[in-house]
Amino acid sequence: MLKDITLGQYFPGDTIVHRLDPRTKILVVIIFIVALFLAVDWISYAVMFLITAMCIKLSSIRLKSLMKGLKPLVFIILLTGILNLFYTKEGTVLLDWWIFTVTTGGIKRAFLMVVRIMLLVCGTLLLTYTTSPLALTDGLEMLLNPLKKIKVPVHEMSMMMSMALRFIPTLIEETDKIMSAQKARGADFSTGKLTERAKALLPLLVPLFVSSFRRADELAVAMESRCYHGGEGRTRMKTLKMAPRDWLCFLFWALVLGGMIAMNVYGI
């Protein structure tokens with residue numbers, strides 16, 4: 001299961017999606033989320049599904065990688081679908097037993113809600129899959145630059161986000177190694193009562209926390225030895241510049257958002 005967590009990973013490539021400015025991709029993801037929540041019926045969801053599939057195709061990200069990203073969320077997706085299935089009272093009643101009621105509206109809402117969550121996860125995963133942590137940090141910092149006027153530590157916030165994304169795969173790998181070592185010594189993480197499994201996690205959490213603090217200390221020493229003192233006076237080796245493809249991308253997504261608003265108004 002741990003190996004299926006792909007959040008924070010970056011897959012290098014030379015596709016049109018990879019070449020987009022990180023600021024463009026961050027803003028497009030926000031527009032994508034808004035448009036997705038404006039979708040209300042089959043046609044609007046079908047449009048969002050086709051657009052997401054087109055973006056995946058253009059990015060050359062393997063579908064298998066996206067499915068790995070969805071796998072840790074299967075329980076949440078299924079739970080959301082079940083809750084919407086049994087507790088939506090709209091439409092014709094198909095089954096009514098005890099506290100459970102299945103209606104045609106419930107089936108429709110459950111299916112669309114599951115599709116929404118899956119599209120939402122796939123869309124946000126594409127951002128980290130096609131954008132390096134450094135580029136993501138630079139893009140976010142430049143977007144939040146106006147907040148510096150009110151003394152918001154924009155550079156520090158962006159740096160912390162970049163470090164968090166960078167170390168997610170490292171911590172997952174470290175956790176997997178510790179689990180393998182504990183299993184070799186007879187530890188059992190998958191059987192027994194819930195309290196027993198919780199106790200079995202203690203030998204895993206303690207070395208993981210120790211390793212995390214050690215890595216944080218090493219990183220702090222490395223940054224101090226390089227005279228890092230925040231964003232003041234820092235320059236970038238690669239300056240971000242908007243290209244025509246970025247403006248075309250904005251135009252396309254503005255049309256998508258406008259279409260979703262129109263479909264929402266008319267209930268399409």
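Visitor: How many salt bridges turn up in the whole structure?
Guide: A search of the whole structure finds six salt bridges. Keep in mind that this is a predicted model.

Visitor: OK, which residue does R215 pair with?
Guide: R215 forms a salt bridge with E174, and their closest N and O atoms are 3.0 Å apart. The pair links distant parts of the chain, with R215 in helix α10 (residues 202-225) and E174 in helix α8 (residues 154-184), 41 residues apart.

Visitor: And E174, buried or exposed?
Guide: E174 is buried, with a relative accessible area of 17%. R215 counts as partly exposed, because its relative accessibility is 26%.

Visitor: What about R19, which side chain does it meet in a salt bridge?
Guide: That would be D14, at 3.5 Å from N to O. At 60% relative accessibility, D14 counts as exposed, while R19 is partly exposed at 39%.

Visitor: Let's move to D21. Where is it?
Guide: D21 sits in the loop between α1 (16-19) and α2 (22-38). Its side chain meets that of R23 in a salt bridge of 2.9 Å, N to O.

Visitor: Why does D21 count as buried?
Guide: Because its relative accessibility is 5%, and buried means under 20%. R23 counts as buried too, at 15%.

Visitor: Which residues is D21 in contact with, leaving aside its neighbours within four places in sequence?
Guide: Those are L240, K241, M242 and D246.

Visitor: New topic: T131. Where is its place?
Guide: T131 is in the loop between α6 and α7 (133-143). With 4% relative accessibility, T131 counts as buried.

Visitor: What does T131 touch, not counting residues up to four places away in sequence?
Guide: T131 touches Y10, P22, K25 and L136. With K25 there is a polar contact of 3.0 Å between the two side chains.

Visitor: Which backbone oxygen does the T131 side chain reach?
Guide: The one of L127, at 2.8 Å.

Visitor: How many residues along the chain lie between T131 and G13, counted as they are apart?
Guide: T131 and G13 are 118 residues apart along the chain, yet their C-alpha atoms are separated by 9.5 Å.

Visitor: Now helix α4. Which of its residues are buried?
Guide: In α4, which covers residues 63-70, the buried ones are S65, L66, G69 and L70. Looking down the axis of α4, these buried residues fall within an arc of 145°, so they line one face of the helix.

Visitor: What do the buried residues of α4 pack against?
Guide: They pack against α3 (42-59), α5 and α6.

Visitor: Last one, the surface. Which residues form the nonpolar patch?
Guide: The patch is made of F75, I76, L79, L83, Y87, L94, L95, W97, W98, I99 and I107, with about 1,200 Å² of accessible area together. The elements giving two or more residues to the patch are α5 (74-86) and β1 (93-97).

Visitor: Which element gives the largest share?
Guide: Helix α5 does, with four residues.

Visitor: And I107, where does that one lie?
Guide: I107 lies in helix α6 (residues 104-130). At 40% relative accessibility, I107 counts as partly exposed.

Terms used
Residues are numbered from 1 along each chain as its sequence is written. This is a predicted model: local features need pLDDT of at least 70, side-chain atom pairs count only at pLDDT 80 or more; totals for chains, interfaces and linings use all residues. Side-chain values use heavy atoms; hydrogens and water are left out. Patches are made of residues with over 30% relative accessible area and no salt bridge: like charges are joined within 9 Å, nonpolar side chains (Val, Leu, Ile, Met, Phe, Trp, Tyr) within 5 Å. Accessible areas come from the Shrake-Rupley method with a 1.4 Å probe; for residues, only the protein chains shown count as cover. A salt bridge is a side-chain nitrogen of Lys or Arg within 4 Å of a carboxyl oxygen of Asp or Glu. Buried means under 20% relative accessible area, exposed over 50%, partly exposed in between (1.4 Å probe, protein chains only). The arc is that of the directions from the helix axis to the C-beta atoms. Contact means heavy atoms within 4.5 Å. A polar contact is a pair of N or O atoms within 3.5 Å; within protein, one must be able to donate a hydrogen and the other to accept it, and residues adjacent in sequence count only if both atoms are side-chain atoms.
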